[in-house]
Amino acid sequence: VKEEPKASSKPEPVAVSNVSPTAPVASSHPAKDVAAAPSVRRFAREIGIDISQVPGTGPSGRISLEDVKAYTKALNTSRQGGSGGTSLAARPLPDFSKFGTLDRQPMNNVRKKTAEHLSYAWQAIPHVTQFGKADITELEKLRKKYTTPERGLTITPFLMKVMASALKQFPQFNASIDMERHEILYKKYFNIGVAVDTERGLIVPVIRDVEKKNIFQIVDDLKDVAKRAREKRVTLEEMQGGSITLTNLGGIGGTSFTPIVNWPEVAILGVSRGGWEQVYENG
């Protein structure tokens, strides 16, 4: 797990960024000559499908709602698999050997799956980023108060507790979108995924029932999963079932960044390094 800078006597306000989709991606192709009902055209437009590319199975090639759904499902399947004509990952690279010496290294399975998953998430989810700052002066006092040589406390477990509380207040962030049924699935559990950087690549294990655990229980869970991640012992099941994801880049610095939403979630919280700032009080 990315570690924050070592505790100092100074408060560390942090910069944070929330990411959530706000609008569907619409096709720019009017496709006036395509045989399809207005309702079918509207459905394709709302989910970002160019209806002129959809094979019609009706009389004279007329496109039905089921044809659009079948085309969308096939398109998503090909994107998830890293193949398919419309996938950016499937485009052939130029011959770089013309410009100099190359060193080709095969991708391990973790990096391959990460590339496929994030490429799909980037294409499937409209990304909008909101930046903000949080004054964590009092939080830093609390963190240092309970930090001991035996048990160090970073800001991560505190953020996870705040996120669980936020999901209760704003359930639209604890949701997934079922475009096949045109439904929003509101989750009644509060599981937080935490991005972990390993030698094999980025993985996102999920800490379950965060709202029921205290800070020290979350710390123990984080240490356990980070240790097992380094030892390649995190299971696929432990990386599923998240409500929202936290990615903390405090350890490498920077002021803000734009993380990719971890599909099928609808939002992600990115946290940068804390630092000193002057603020006005009472004018």
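Me: What does the secondary structure of the protein chain come to?
Reply: Six helices and 10 strands. Those are DSSP runs, numbered from the N terminus: helices are H or I over at least four residues, strands are E over at least two. Bear in mind that this is a predicted model, where local features need pLDDT of at least 70, side-chain atom pairs count only at pLDDT 80 or more, and totals for chains, interfaces and linings use all residues. Residues are numbered from 1 along each chain as its sequence is written, and side-chain values use heavy atoms, leaving out hydrogens and water.

Me: What makes Asn191 count as buried or exposed?
Reply: Its relative accessible area is 5%. Buried means under 20%, exposed means over 50%, and partly exposed is in between (1.4 Å probe, protein chains only), so Asn191 is buried. Across the 283 residues of the protein chain, 33% count as buried.

Me: Where is Asn191, and what does its side chain reach?
Reply: Asn191 lies in the loop between β4 (183–186) and β5. Its side chain reaches the backbone nitrogen of Asp209 at 2.9 Å. A polar contact is a pair of N or O atoms within 3.5 Å; within protein one must be able to donate a hydrogen and the other to accept it, and neighbours in sequence count only if both atoms are side-chain atoms. At 2.9 Å, the pair is inside that cut-off.

Me: Which residues does Asn191 touch?
Reply: Leaving aside residues up to four places away in sequence, they include Val206, Ile207, Asp209, Gly241 and Ile244. Contact here means heavy atoms within 4.5 Å. Asp209 comes in at 30% relative accessibility, so it is partly exposed.

Me: How many salt bridges does a search of the whole structure find?
Reply: 10. One of them joins Asp224 and Arg228, with the closest N and O atoms 3.1 Å apart. Both residues lie in helix α6, four residues apart, about one turn of the helix. Asp224 is partly exposed at 38%, while Arg228 is buried at 11%. Asp224, Arg228 and Glu238 are linked in a network of salt bridges. Lys227 and Glu231 also meet in a salt bridge, at 2.9 Å.

Me: How do you know that the span of helix α3 agrees with 1.5 Å a residue?
Reply: The expected span is 1.5 Å times one less than the number of residues. For the 16 residues of α3 (residues 109–124) that should be 22 Å, and the end C-alpha atoms are 22 Å apart, so the two agree.

Me: Which residues in α3 are buried?
Reply: Val110, Glu116, Tyr120 and Ala121. They cover an arc of only 140 degrees around the axis, so they sit on the same side of α3. That arc is taken from the directions from the helix axis to the C-beta atoms.

Me: What caps the N-terminal end of α3?
Reply: Asn108 does, with a side-chain oxygen 3.1 Å from the backbone nitrogen of Val110.

Conventions. A salt bridge is a side-chain nitrogen of Lys or Arg within 4 Å of a carboxyl oxygen of Asp or Glu.
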